[in-house]
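Student: I have a complex open and want to go through it with you. Can we take confidence, then the helices, then the sheet?
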Amino acid sequence: MVEFFQVLSSQSFLQTALTAGLLASLACGVIGTYVVAKRISFISGGIAHAVLGGMGLAYFWNLNPLHGALAAALCAALIIGVISLRAEQHEDTIIGALWAIGMAAGILFISRTPGYKVDLMSYLFGNIIMVTREDVYLIAGLDVVILVLVLLFYKQFLAVCFDEEFARLQGVPVDFIYILLLGLIAVTVVILIQVVGIILVIALLTLPAAIAQQYARNLAQMMILATVLGAVFVISGLAVSYGPDLPAGATIIIISGTFYILSMIFKALHVRVSSRLNHVNLKSNHNNNAADL
Amino acid sequence: MNEVVEIENVSFRYEDHFVLENVFLTVNEGDFLGVIGPNGSGKTTMLKIILGLLHPSSGQIRVFGRSPRHARHLLSYVPQNAQIDRLFPVSVQDVVLMGRLGASKAVGRYRSSDVKVAHKALAEVDLDDLSDHRLGTLSGGQRQRVLIARALASQPRLLLLDEPTSSVDSRVELGFYELLKKLNETVTILLVSHDLGFVSTYVNRVACVNRRLVVHRITEITGGEIKGDLYDEPMHRIEHVCRI
């Protein structure tokens, strides 16, 4: 871990990786908050896994896989959005099917691509060390898009996540806002795939936000806390994995998951202790009152 | 007297199954109407038709003389408490501000005038001091009053409530009806409930729904003798037997 910080100043690829990680934490904290609060991690998982189809196709046509990922993620968000707004039944089945078809198509495209075989593992599990300077610019640009839209439509996103029906009665274009939200999730997924890969993306999207939810009083607080937590997990994951040459993505997720579980235990103990304290206080108040009499 | 809601021969069906059949109902300005019926009787469907969230299969509905969609800014809605996610991280004030969405600007933050209206609505339900608290930390009765404040924040002329007291104890329920009685001085109220309970003391008319609909003046019900029969089981607390 110390080794990582020693070589950080001299190794530009580590600086690039760290920058990408920090920029990704921002998208992860802001959009992860919506995913957790609205409980749509399964929908987000569907979008994430369908992305492999787009990446594979872009790879097959010799285009930048990241652009393919972005196009596929946005298409998947639109399809899943329309399905979940229209069909009330079988929504989970349809999303599950899209999830699997996307992955299968991606694997077929990659296997049919002539020449050098891309390392499939780096799509599935991410490779933050391989992130290029151009990727960082793309991530920064997508971060800006996310932040601007969230700032503009903060109250509509909140209303649609909290109570769709009431938002509709207030004249909010609920379908549009919902599909826009899924589009932002798609963009975030593409950013996070650089860091932890397709398979682990949902964990990074939801774990920091889920921890933050236990302590935040409102969505904005939850976003800030989730962003800070995401940054801490990404940096510490990078640092821990660097020395023994562990996969960075998996290390980041293990750290996030451990903190999530510890936070749940802490919260449960805290609730028990404070309810016991309240009980004691009530008792002593009762005794004081009795003494007054 | 001005008609707030006019339902004329409305039916609603899913494929072959009738949820509502040939329903007639008029709600006048200043009414406090209780809509009573067992689970699955179609009362929530009727509420959603008035709100314009569902469209009748046949028949006419006018709300303030317009189609329900175009009357939305004149009415507001209090959903069942159970529909609200307790874990959702949102402050009381942010929930009430949602009642200003229709009136506020399309992008960016709420106007300061919207915040003022929201606080006034919170004061009306006696929760102004809790406006910064997280919704999930409030009691069931307090959360219900937050939802009322949210509905009041849109300054409606008709307030619709769906089973508002289903998850609170009877002491809270009584206080709640006292609040509605006070609000009824300025707002027309339509309240859906699965039993008469305390409702009978506060409403001026009762509509019994069970696919079809029969309206009683409240004096008919407390008088003990009802014509029309709508239900198989006697109603809670008040001996009101309706059979269709």
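The chat below goes through the model topic by topic.

Student: What kind of model is this, and what pLDDT do local features need?
Tutor: This is a predicted model, in which local features need pLDDT of at least 70, side-chain atom pairs count only at pLDDT 80 or more, and totals for chains, interfaces and linings use all residues. Residues are numbered from 1 along each chain as its sequence is written, while chains are lettered from A and ligands numbered from 1 in the order in which they are written.

Student: What ipTM and pTM does the predictor give the complex?
Tutor: The ipTM is 0.86 and the pTM is 0.87.

Student: And chain A, what's its mean pLDDT?
Tutor: The mean is 87, and 91% of the residues of chain A reach 70 or more; pLDDT is the predictor's confidence in each residue, from 0 to 100. A contact here requires C-beta atoms, placed from the backbone, within 7 Å.

Student: What does chain B average?
Tutor: Chain B averages 84, with 87% of the residues scoring at least 70. Two stretches of chain B have pLDDT below 50: residues 223-228, with nine contacts beyond near neighbours in sequence, and residues 232-237, with eleven.

Student: How should I read coordinates where pLDDT is low?
Tutor: Where pLDDT is low, the predicted coordinates should not be read in detail.

Student: Back to chain A. How many helices and strands?
Tutor: Chain A has twelve helices and zero strands. Both are DSSP runs numbered from the N terminus: helices are H or I with at least four residues, strands E with at least two. The C-alpha trace of chain A spans about 90 × 55 × 30 Å along its principal axes.

Student: At what angle do α10(A) and α11(A) pack?
Tutor: Helix α10 (residues 174-213) and helix α11 (residues 219-242) of chain A pack at about 130 degrees, with axes 8 Å apart. Axes are lines fitted to C-alpha atoms, for helices over the stretch in contact, and angles run from 0 to 180 degrees between N-to-C directions. That angle makes α10(A) oblique to α11(A); under 35 degrees counts as roughly parallel, over 145 as roughly antiparallel, 65 to 115 as roughly perpendicular and the rest as oblique.

Student: Which residues make that contact?
Tutor: Among them are V195(A), P208(A) and I211(A) of α10(A), and L225(A), L229(A) and F233(A) of α11(A). By class, the contact of α10(A) with α11(A) has eleven nonpolar, two polar and no charged residues. Ala, Val, Leu, Ile, Met, Phe, Trp, Tyr, Cys and Pro count as nonpolar, Asp, Glu, Lys and Arg as charged, and the others, Gly among them, as polar.

Student: How many residues does each chain put into the contact between A and B?
Tutor: Chain B gives 20 and chain A 21. The side of chain B that touches chain A divides into 13 nonpolar, four polar and three charged residues.

Student: Now the sheet in chain B. What's the strand order?
Tutor: The order is β2-β1-β4 in an open, antiparallel sheet of three strands. Strands pair if DSSP finds at least two bridges between them. The edge strands are β2 (17-28) and β4 (58-63) of chain B, each pairing on one side only.

Student: What's between β1(B) and β2(B) in the hairpin?
Tutor: Two residues lie between the strands, and in this hairpin E15(B) takes a positive phi near 50 degrees.
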